[in-house]
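Me: Please take a close look at the aromatic pairs in this structure. I would like the criteria stated along with the values.

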Amino acid sequence: HHRGVLLIPLKTPLQPGEAETLTIRYSGEALFALDQDCYWVVNTWPWYPMNGFHDRTRFAATVHHPAHLRMAGTGTTVSAEEADGVRTERWEETVPVHFPSMIIGNFTTVEEGVTPSGVKIRAFFTPAEEQHAGEAIGETMRVIQFYEDLYGPFPFAEVDVAEMRVNM
């Protein structure tokens, strides 16, 4: 780890189209406080494989956080458990993405049905702003439908819309 960049020398250079699986374990304070009870998981650039602005990769992440908070982000929630005041969530994304992001906060979670094509949409808003969650769900459904009409099936199983802090 050098100047905020994680450098991993590979045993041998990869040929075009070849893949390598890396397992990275991080322990420490990885949260940036956006406001009281709302945290952004520190930027992914130190640990997420990127070489320029166009690289994409799949990922899996396990996050532990206080049980009274909820997490929104990139990927599909594959499991969530609570024990001793800690919530442990496992997130995976099988479609290569450029920049995964996660936010943890005192959210009121609103889950609606799915789009006609089966995409699950969730809206995460603070209790003070939860009245806007239905609006966000409806707009997200319209946006997904618009792009599916242009480009075909949406490639992700879930979409989270999250308020980063009150009015943001």
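Reply: A residue counts as buried under 20% relative accessible area, as exposed over 50%, and as partly exposed in between, with a 1.4 Å probe and protein chains only. This is a predicted model, in which local features need pLDDT of at least 70, side-chain atom pairs count only at pLDDT 80 or more, and totals for chains, interfaces and linings use all residues. Residues are numbered from 1 along each chain as its sequence is written, and side-chain values use heavy atoms, with hydrogens and water left out.

The structure holds four aromatic pairs. Rings of Phe, Tyr and Trp (its six-membered ring) pair if their centres lie within 6.5 Å; planes under 30 degrees apart count as stacked, over 60 as edge-to-face and the rest as tilted. One of the pairs joins Phe107 and Phe124 in an edge-to-face arrangement, at 5.9 Å centre to centre and with 75° between the planes. Phe107 lies in the loop between strand S7 (102–105) and strand S8 (108–114), and Phe124 in strand S9 (residues 120–125), so the pair ties together parts that are 17 residues apart in sequence. Strands (E, at least two residues) are DSSP runs, numbered from the N terminus. Phe107 is buried at 8% relative accessibility, and Phe124 is buried at 2%.

Phe146 and Tyr147 also form an edge-to-face pair, with 5.1 Å centre to centre and 85° between the planes. Here Phe146 is partly exposed, its relative accessible area being 47%, and Tyr147 is partly exposed at 42%. Ring pairs link Phe146 and Tyr147 with Tyr151 into a cluster.

How values were computed. Helix = DSSP H or I, 4+ residues; strand = E, 2+ residues; numbered from the N terminus.
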